[in-house]
Amino acid sequence: HDQALALVAKRSGMVLSTADCRAAFGADTGLAAILEADLIELLELDEPFPEGSDLLDYGMDSLRLMSLVERWRSRGVDVDFGDLAEEPTLAAWTRILEERHNG
């Protein structure tokens, strides 16, 4: 899959994240929806998961978590690894991101 995306990006198209695609097509782009899209992409899931689920049960690990932290920092969210590792649920992370997004 990664090779196919690289080939498309290099030759004929543009590769977008799930969150960017959702935004382009007018899907719900609230922080919760963007976070969920990022998690589905990062964890390579086929469908969403219940909001209170422990993300560790879905394959979240320290490397993926650090990748997510960097992704969110690049979007202007002041968050760190410890903030997210403390309570790895979609609900908790949404709360943290809403508190810290853009100030």
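Residues are numbered from 1 along each chain as its sequence is written. In this predicted model, local features need pLDDT of at least 70 and side-chain atom pairs count only at pLDDT 80 or more, while totals for chains, interfaces and linings use all residues; side-chain values use heavy atoms, without hydrogens and water.

View A. Helices are DSSP runs of H or I with at least four residues, numbered from the N terminus. Leu65, Leu68, Val69 and Trp72 of H4 are buried (under 20% relative accessible area; exposed is over 50%, partly exposed in between; 1.4 Å probe, protein chains only). These buried residues line one face of H4, because they fall within an arc of 105° seen down its axis (directions from the helix axis to the C-beta atoms). On the other side of H4, Leu63 and Ser74 are exposed.

**View B. The N-terminal end of H4.** Asp61 caps this end, with a side-chain oxygen 3.3 Å from the backbone nitrogen of Leu63. The side chain of Asp61 also meets that of Arg64 in a salt bridge (3.6 Å, N to O), defined as a side-chain nitrogen of Lys or Arg within 4 Å of a carboxyl oxygen of Asp or Glu. Asp61 is partly exposed, at 33% relative accessible area.

**View C. The salt bridge between Asp38 and Arg71.** The two side chains meet at 3.2 Å, N to O. Asp38 lies in helix H3 and Arg71 in helix H4, so the pair ties together parts 33 residues apart in sequence. Asp38 is buried, at 0% relative accessibility. Asp38, Glu41 and Arg71 are linked in a network of salt bridges.

Note on methods. Helices (H or I, at least four residues) and strands (E, at least two) are DSSP runs, numbered from the N terminus. A polar contact is a pair of N or O atoms within 3.5 Å; within protein, one must be able to donate a hydrogen and the other to accept it, and residues adjacent in sequence count only if both atoms are side-chain atoms.
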